[in-house]
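Hello,

Here is the structure I said I would pass on. My notes on it come after.

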Amino acid sequence: TAYDLYLIFNEAIRYDFIQEIIHMTEYQTTYYDKNGGEKKLSVKSTNRFFRGDFTAPDQVTVIGGKTGTTNAAGHCLMLLSRDVSAAPYISIILRSTSSDVLYGEMIDLLDEIHK
């Protein structure tokens, strides 16, 4: 449920390392295949706020979050954001029908923060 995700995320963001991870726009690493060959991997964030596809409402700063999509769950997004007073908010949207709809719904939810 959204509440279960909230509880997990709320606990996780107490750790600086988690806040660093959820704020990354790109991650690069090196690993080794089964033959010992070096492989480089670069992964870009799927968070469309970070990619510049969508903009949070004025007075709201997106710190980071977790995206996810499965057939059963649909398009999902969990965000940590802050208002102009630096108060933290966790916002969760589950079972959206598309990525565009998901981010539109999240913008509507984030818009409620400063009302």
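Predicted model: local features only at pLDDT ≥ 70, side-chain atom pairs only at ≥ 80, totals over all residues.

Residues are numbered from 1 along each chain as its sequence is written, and side-chain values use heavy atoms, with hydrogens and water left out.

The protein has three helices and five strands, in the order α-α-β-β-β-β-β-α along the sequence. Helices (H or I, at least four residues) and strands (E, at least two) are DSSP runs, numbered from the N terminus. The C-alpha trace spans about 55 × 35 × 30 Å along its principal axes. Of the 115 residues, 29% are buried, meaning under 20% relative accessible area with a 1.4 Å probe, protein chains only. Of the contacts (heavy atoms within 4.5 Å) with a separation of 6 or more, 40% are between residues 24 or more positions apart.

Strand S4 (residues 74-83) has eight of its ten residues buried. S4 pairs with S3 (residues 60-70) in the antiparallel sense over ten bridges; two strands pair if DSSP finds at least two bridges between them. Leu 80 in S4 is the bridge partner of Gly 64, and a hairpin of three residues joins S3 to S4.

S4 also pairs with S5 (residues 88-96), again antiparallel, over seven bridges. Here Arg 82 has Pro 88 in S5 as its bridge partner. The hairpin of S4 and S5 has four residues between the strands, and in this hairpin Ala 86 takes a positive phi near 70 degrees.

Regards

Note on methods. Buried < 20%, exposed > 50% of the residue type's maximum accessible area, 1.4 Å probe, protein only.
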